[in-house]
Amino acid sequence: MKRRYYSTILILAGVLLTGWLVSLKRDLFKGTPYSTVVTDRSGELLGARVAADGQWRFPPCDTVPERYARAVVQFEDRHFYLHPGVNPVSLARALVQNIRAGHVESGGSTLTMQVIRISRHRERNLWQKGIEAIQALRLEIRCSKKEILALYASHAPFGGNVVGLDAASWRYFGRPPSELSWAEAATLAVLPNAPSSMHPGKQRDALLEKRNRLLLRLLKHGDIDEAIYETAITEPLPDNPHPLPSLARHYVERQPRGKRTRTGIDIHLQRQVEVIADRWSDDLALYGIADLAALVIDLHNGETVAYVGNASPERKRSGMEVDIAAAPRSTGSILKPFLFCAALQDGLILPNTLIKDTPVNLGGFTPQNFDLQFHGAVHASEALARSLNVPAVHLLREYGVPRFHKLLRDAGLTTLTHDAAHYGLALILGGAEGRLDEITRAYAGLVLAPKGFPLTDPEAIWYTLDALKEVSRPDEIDPRLISSVRRVSWKTGTSYGFRDAWAVGVTPDYAVGVWCGNADGHGVPGLTGARAAGPVLFDLVNLLPEDSPWFEDPMQGVVAEVCTASGYLAGPECPEKVTCVLPRKAQESNPCPYHKGGVFTLPPVMEWYYMAYHPEYEPPQKAVHNEAPLQFIYPEPGSILYLPRQMDGSPGAIAFQLAHRHPEKKVWWHLDGDYIGETQFIHEMMLSPVPGKHVLLTVDEEGQTASVAFTIAENTK
Ligand SMILES: [Zn+2]
C-alpha cells in the first residue's frame, strides 16, 4: 500500500517534471492574427482593420492603464501581486465547488493561469487546469506581473468578435483604454468573465450589477473614493458598438497588415484637411469632377502629416475606394520646375535666359502654348511662371530627354516605366504619368534635400522656388479668384483633354499637393490645375501654421554680371548689366549672343514672333555679322513631315514658312535644286513633295540664303 503510494507520487512527479520542461511555448500567442492598427504621430488612433480571422484584436501593448489594472485585479485575482502564478487557497476552494457541482464551473484561476488558458484554447477540465497551473508558475518566472497583466489585457475575449482591452475600449466606448472612466474600466474588467453569455448587447442588468459590485469592492479597497464611486455607479452601460475612427483611410490602407504602425500623420491637421477636401469635393462634384486627393508633407522632418487619398463623397457611398493620390495620372505641366531647376544647376541657362518660343515640329509632334501663341523669346523664369509649353520643349531638347528622364526617377518618380525614347519631348508636357504622393515628395525634396536627390544646388533651387512664387498666370488663371494670405511657391498642371488638374505648392515649412479629376479618366471642360486644384491648395496652405521666414536669398553661389536684356552672362557689348548670385555652374554658361555691335538682335524666327509682343523691338537695318536675315520658321531642320490627306484621298500640301527680317525683300525658292517660285512680304509656299529626303533653299535679292533639310514620310494612316 505504501509502495503504491510512493510510485504514484513518483509517476506524478515525472509527469509534472516533463510537463514543466516541455510545456510552455516561448511566444505564447505565436501565430495569433492581429488587427491592423494605425496611429498618428502621437499615438492617436487613425483607423484599424479586423485581423485575418475576423476578430478585432489589436496588437499587444506593453502596459495596462492604471484604472483598468486595478479593476481587473480586484475582480479576477485579488492576490495577483502576491502569488507565484497559482493561488493554492482559491484553487482548493474551486476544486471543492467543482466537485460539488459535478462539472467545472471555473473559478480558482489566477490571471496568470487565464493567460495560459486563453493562449491554449483547450477544453476546461481538471487535467488541463493542472497543466495551466504548472505553466502559470513558469510564466511567472519568465515575465513580470506587469507583463503578465498586459498579456491578459491584450488577449482576453470581450464578447462578439472583440478581443483585448484596446479593441474593447474603442468598440464599446469609442476611446483608448487610457481615457476610460472608473465605471468604464470596471465594465471592461468584468466582461471577459463570461463574454459569451453577457456583453453590453444582452443581459444588461446582470452586467450592470456585476460592474457596480466591482465598483463597491474598489471603494472598499481604497482604489476609489466615495465621490468617484457615487458618480461611477450612475454611469450607464455602453449601447451599440462604436465605429472605430476612420481618418486618413487610404493612408491606413497602405500600412503593414496585422501590425501597430505609428505614422507621421498629425491627427488634428488631418481632420482639418479632410473637412476642406470634402467640402471642395462636394463643390467640384457639381461640375462633374468626382475625385480629389490632397496631401501635406512637413518639411522639417519629411513626414506626411496629412493624406487624403480620395475625398470623393460619391465614392464613399458606392464603396469604391480608389487611392487616387497613389494612382499614376498624366502629369500635365507639373514637372516643369524640375527641368528649370536642372537646367539652372547645369549652367545650361541662367534664371532669366531668353528661351526660344518658336514653332517646333518633331515627327509630327507640334506642341502649343496654352494661348496657342508663340512669343519668339521668353525669359526662362517667366516661361516657368506662365507654364509655357513651347519654351519648355526647347529647353528639354537642349537638356536631353534621357538625362531628364533619369533625373525624375532619381527624384522618386516610380511611374516612368518606359524608357526615355518612349516619352520623347512630350515628357515635359504630361507625356508621362505621375503619382500625387511622389510628385509632392519630389517638390518637398527641393527643400528637404534627401540623400540621392538629384537637385542639390541651393541657388538653382532658390531661383526655381522664386519663379514659382509669382502667382500671375494670365493664360491660365485670374489671380483675383485665388485668395491667399500666405506666400507659397506653386505650380499647376492640366493634362491633355482636361482629365487631370494638379496644384503643388511649397512653403518653408510644408509641401502641399492637390489633384482633382475623375478616377475613371474622363475629362471635364474647364478642369484646369489653376481653376480646380489651385483654390484647394490655397485653402490648405492657409490652414498650416506659419513658422519660418521665407527662403533666404542666395548667398553661396558665384557672383557674375548678367545681361539685363537676354539674361545670359554679360558680354563686352551688353549695355545694361546686373550683378547676381548664380548657381555654381553658371560660370560655364554661354555669354550673351544677342548683343552685336551694341544692338539687341534676335535671330529672324525668334524676332518674327517676338516683335508682335515687343513693339519697342527694332530689327537691325544692316546685316548682323554673318547671320542671314532670313530663317525657316517651318519646318525645323531635320523634321519628318506628313502630308495631310485631302477629301479624295490624294496628298495635300504643307505651308513652308520663312521669316525675313525685311519682309519686303524678294525671296526665290528652290526644292532639291529646282526653282519653284518667288515670295515677297509673306514668305510662305504651299508644297507637296514626294516621300523621301528633301532640301529647300531660299535666296533673297542680296544673295543671303537659308536652307532646310527635311523628310516627307509615307502617310500610311
Ligand atoms: Zn546682352
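I began with a definition: a salt bridge is a side-chain nitrogen of Lys or Arg within 4 Å of a carboxyl oxygen of Asp or Glu. The model is predicted, so I noted that local features need pLDDT of at least 70, that side-chain atom pairs count only at pLDDT 80 or more, and that totals for chains, interfaces and linings use all residues. Residues are numbered from 1 along each chain as its sequence is written, and side-chain values use heavy atoms, with hydrogens and water left out.

**Entry 1, salt bridges.** I searched the whole structure and found 25 salt bridges. I looked up Arg-403, which pairs with Asp-346; their closest N and O atoms are 3.1 Å apart. Arg-403 is in helix α17 (residues 401–410) and Asp-346 in the loop between α14 (336–345) and β9 (354–357), so this pair links distant parts of the chain, 57 residues apart. Helices (H or I, at least four residues) and strands (E, at least two) are DSSP runs, numbered from the N terminus. I then checked exposure, where buried means under 20% relative accessible area, exposed over 50%, and partly exposed in between (1.4 Å probe, protein chains only). Arg-403 is partly exposed at 40%, and Asp-346 is partly exposed at 23%.

Glu-636 forms a salt bridge with Arg-397, with 2.9 Å between the closest N and O atoms. Glu-636 sits in the loop between β19 (630–634) and β20 (639–642), and Arg-397 in helix α16 (residues 389–399), 239 residues apart. Glu-636 is buried at 11%, whereas Arg-397 is partly exposed at 34%. I also noted that shared partners join the salt bridges of Arg-254, Arg-435, Asp-437 and Glu-438 into one network.

Which residues are the protein donors of the zinc ion? I found Cys-563 (SG), Cys-574 (SG), Cys-592 (SG) and His-595 (ND1), lying 2.1 to 2.3 Å from the ion. Donors are N, O and S atoms within 2.8 Å of the metal (3.2 Å for Na, K and Ca); water is not among the atoms, so sites may look incomplete. The angles among the 4 donor atoms are 103 to 120°, and the site is tetrahedral (four donors, all angles between 85 and 135 degrees). Cys-563 lies in strand β15 (residues 558–563) and Cys-574 in the loop between β15 and β16 (577–582), so the pair ties together parts 11 residues apart in sequence. Cys-563 is buried at 1%, and Cys-574 is buried at 4%.

I looked for disulfides (cysteine sulfur atoms within 2.5 Å) and found 0. For Cys-143, the nearest cysteine sulfur is that of Cys-61, 16 Å away.

Technical notes:
Tetrahedral: all angles 85-135°; square planar, octahedral: opposite > 155°, others 65-115°.
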